[in-house]
Amino acid sequence: MKTAHDLVEAARAEIREIPLDQADDAIKKADVLLDVREADEYNTSHIPGAVNVSRGILEFKLTNDPAFEDRALNLVIYCKNSGRSALAARAMKEMGYIHVQSIAGGIEAWEAAGKPLVKPELPRFD
């Protein structure tokens with residue numbers, strides 16, 4: 001029986017995972033930067049310019065949103081530590097998307113490297 005780790009490792013063997021030091025350039029060249037974490041994770045912090053489509057609804061969103069019709073879009077995706085994004089990238093590849101890259105280490109690696117994040121300010125109730 002396979003584990004989640006087994007599935008992620010199998011996906012990583014089939015996708016393009018870019019190292020963190022190449023992520024800035026890949027993001028600049030991307031048509032869409034996609035955060036596949038859950039909405040509450042995204043709302044806590046995310047990479048500037050990222051659009052949120054959680055992994056759980058990814059295939060449905062891609063199928064039903066005209067913005068994702070073009071299978072030649074240059075897509076960069078990430079999640080917390082690159083497990084979900086590896087699975088998402090493999091699913092997108094199977095759906096016919098040609099240019100999908102996952103950021104190795106996800107937002108955890110991004111934040112550890114001191115790269116910028118969008119963190120919404122909560123209202124003060126003084």
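# Close-up views of a predicted model

Figure 1. The buried residues of α2 pack against β1 (16–18), β2 (32–35), β4 (74–78), β5 (99–103) and α6 (106–112). The model shown here is predicted. Which residues of helix α2 are buried? In this helix, residues 20–29, they are Leu20, Ala23, Ala26 and Ile27. Viewed down the axis of α2, these buried residues fall within an arc of 100 degrees, so they line one face of the helix. An α-helix has 3.6 residues a turn, so residues three or four places apart point the same way. The other side of α2 carries exposed residues: Asp21, Lys28 and Lys29.

**Figure 2. Ala30 sits in the loop between α2 and β2.** Is Ala30 buried or exposed? Ala30 has a relative accessibility of 18% and counts as buried. The cut-off for buried is under 20%. Which residues does Ala30 touch, leaving aside its neighbours within four places in sequence? Ala30 is in contact with Asn74 and Val76. Thr3 is another matter. Ala30 and Thr3 are 27 residues apart along the chain, and 32 Å separates their C-alpha atoms.

**Figure 3. The largest nonpolar core has 20 residues.** Which residues have the most contacts inside this core? They are Leu34, Leu58, Phe68, Leu75 and Met92. Several elements contribute. At least two residues of this core come from each of α1, β2, α4 (58–64), β4 and α5. Helix α5 gives the most, with four residues.

**Figure 4. Met92 is one of the residues with the most contacts inside the largest core.** Leave aside the neighbours of Met92 within four places in sequence. Met92 is then in contact with Leu34, Leu58, Leu62, Leu75, Ile77, Tyr97 and Val100.

**Figure 5. Another nonpolar core, of 15 residues, lies apart from the largest one.** Its members include Ile18, Leu20, Ile27 and Tyr78. Leu20 and Ile27 are among the buried residues of helix α2.

Figure 6. Arg12 is partly exposed, with a relative accessible area of 26%. Glu9 is also partly exposed, at 37%. The pair belongs to a network of salt bridges that links Glu9, Arg12 and Glu17.

**Figure 7. Glu14 and Arg90 form a salt bridge.** Their closest N and O atoms are 3.7 Å apart. Glu14 is partly exposed, with a relative accessible area of 38%.

**Figure 8. Arg84 and Glu41 form a salt bridge between two helices.** The closest N and O atoms are 2.9 Å apart. Arg84 lies in helix α5 and Glu41 in helix α3 (residues 39–44), so the pair ties together parts that are 43 residues apart in sequence. Arg84 is partly exposed, with a relative accessible area of 25%. How many salt bridges does the structure hold? There are twelve.

**Figure 9. The whole chain gives the setting for these close-ups.** The chain has six helices and five strands. From the N terminus on, they run α-β-α-β-α-β-α-β-α-β-α. The C-alpha trace spans about 50 × 35 × 30 Å along its principal axes. A compact globule with 126 residues would have a radius of gyration near 14 Å, and the chain agrees, with 15 Å. Of its 126 residues, 39% count as buried. Among contacts with a separation of 6 or more, 71% join residues 24 or more positions apart. The chain exposes about 7,300 Å², and carbon and sulfur atoms supply 53% of it.

Note on methods
Residues numbered from 1 in each chain as written. Predicted model: local features only at pLDDT ≥ 70, side-chain atom pairs only at ≥ 80, totals over all residues. Heavy atoms only, no water. Buried < 20%, exposed > 50% of the residue type's maximum accessible area, 1.4 Å probe, protein only. Arc of directions from axis to C-beta. Contact = heavy atoms within 4.5 Å. Salt bridge = Lys/Arg side-chain N within 4 Å of Asp/Glu carboxyl O. Core = buried A, V, L, I, M, F, W, Y, C linked by side-chain atoms within 4.5 Å. Rg over C-alpha atoms; globule rule 2.2 N^0.38 Å. Areas by Shrake-Rupley, 256 points an atom, 1.4 Å probe, with all protein chains shown as cover.
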